[in-house]
Amino acid sequence: MTVELSDPSDLRDPSSSTELAAEPVVPGPAPVWEVIHGFTRYWAVVAALDLGLFEQLAAGPQPASALAAAVDVDEHRTALLADTLVALGLLTHEPAIGYQLGAVAATYLLAGAPRTMVALVRGAPGPHERWPELAQTLRRGAPAVRIEDDPGGFYPALARATAPVQRQVARAVVDTLSPIGADPLVIDLGAGAAPWTLAFLTAWPRAHALAVELPEVVAVTEGAIAVVGDAAVDAVRAGARVRVVAGDYHQVELPDAAADVVVLGHVLRAESVAGARRLVARAAAALRPGGTLVVADYPRPEVPAAPSAPALLMGLTMLASTGGDGVFRVADLHGWMRAAGLEPAATLQPLPGQTVMTARRP
Ligand SMILES: C[S@@+](CC[C@H](N)C(=O)[O-])C[C@H]1O[C@@H](n2cnc3c(N)ncnc32)[C@H](O)[C@@H]1O
């Protein structure tokens, strides 16, 4: 609905006596509603996931009545939610056949899809209960409860959730690198569900890996490696080629000047600046001459323009729920790399919104 102002002079500064002064342009409130509806959109999609609505449509289109029965919600409420999802571009609706999965929902919002983001939708904002406290958290300098205070409470689900997308990112990056020696070593720090370890082992048949993960989370790393090892034994034989170490990547012993590649996959932004710098130095020391440091993360853009909002919001997400500094610039990372004796190399964008920065040990 458009509301016309009956008398635009209402908006003029009453202290102004100049008749010819330009009328101030009053911006519409749409951007504020966009912010409010970021919240409502999110919870509409979470509700659809909780109800299994996308899964119900995976077999084919359904009219509102059948969909309502399948998700066990009355028809009016089901249709209102489903229409909202149509408006969000996740479903389509044709009166003759009913509701149907859109391409985005079919690709990313079904639990079993190869590129599933179902777990990521729930996990990517961090623990939901941290967000209403953000103002106090910013003022205090840390959340009341940090993820790292109970890593087993959040990281296993997050690591599983991020793996499908990170496997694709890792595959694309591995294709740009070559092993140095005949028996290359890959070190994966904060390995999670091992997307990087597995991508290297698959692409480099003679490679071995050292995957470091916290004791509370390491079962996720071991489980991911076991599953792929079973599914592609000849290609990967993953279990026999990976040493999984349960420990803190700041402390576990790493081989000196031995690795062809060290990966820091989405770990630096949960660190303080000092911690991130220290971790880059540890990774650099583990690289052999000619080896490559691979850092996947969401760097802070130089200019805070609209397309860069996801990286900035990811930084705030880290401030909301971890003791880390949240986000760093590519220039910061390059400084830490140089201080550790590395030469910054290519910055890659293997998928939209995914940035991978590399450096070489001379
Ligand atoms: C966002 S996940 C990323 C996992 C994986 N590297 C990826 O790219 O998908 C961060 C991982 O770092 C691990 N982690 C956090 N702090 C750690 C530490 N001090 N030592 C070892 N691992 C750590 C977490 O348990 C979690 O699995």
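Begin by selecting residues 33-109, where UniProt, in an unreviewed entry, places the feature "domain: O-methyltransferase dimerisation"; UniProt positions follow the numbering used here, feature names are shortened, and annotations may be inferred rather than shown by experiment. The model is predicted, so that local features need pLDDT of at least 70 and side-chain atom pairs count only at pLDDT 80 or more, while totals for chains, interfaces and linings use all residues. Residues are numbered from 1 along each chain as its sequence is written, and side-chain values use heavy atoms, with hydrogens and water left out. The span 33-109 is 66% helix and 10% strand, and its end C-alpha atoms lie 25 Å apart; helices (H or I, at least four residues) and strands (E, at least two) are DSSP runs, numbered from the N terminus.

Next, select tryptophan 33, which lies in helix α1 (residues 30-51). Tryptophan 33 is partly exposed at 47% relative accessibility, where buried means under 20% relative accessible area, exposed over 50% and partly exposed in between (1.4 Å probe, protein chains only).

Because aspartate 50 lies in α1 and arginine 122 in helix α6 (residues 118-123), the pair ties together parts that are 72 residues apart in sequence. Aspartate 50 is exposed, with a relative accessible area of 53%, whereas arginine 122 is partly exposed at 32%.

Another pair to display is arginine 41 with glutamate 34, a salt bridge whose closest N and O atoms are 3.0 Å apart. Then select Arg146, Glu148 and Asp149, which are linked in a network of salt bridges.

Now move to strand β4 (residues 208-213), in which five of the six residues are buried. Strand β3 (residues 185-189) runs parallel to β4 and is joined to it by five bridges; strands pair if DSSP finds at least two bridges between them. From β3 the chain crosses through helix α9 (residues 195-203) to β4 in a right-handed β-α-β crossover, meaning that, with the strands pointing away from the viewer, the path from the first strand over the helix to the second runs clockwise.

Within β4, centre on alanine 211: aspartate 188 stands opposite, and valine 244 in β5 is a bridge partner of alanine 211. β4 and β5 (residues 242-246) pair in the parallel sense over five bridges.

Finish at alanine 193, in the loop between β3 and α9, which is buried with a relative accessible area of 11%.

Terms used: Salt bridge = Lys/Arg side-chain N within 4 Å of Asp/Glu carboxyl O.
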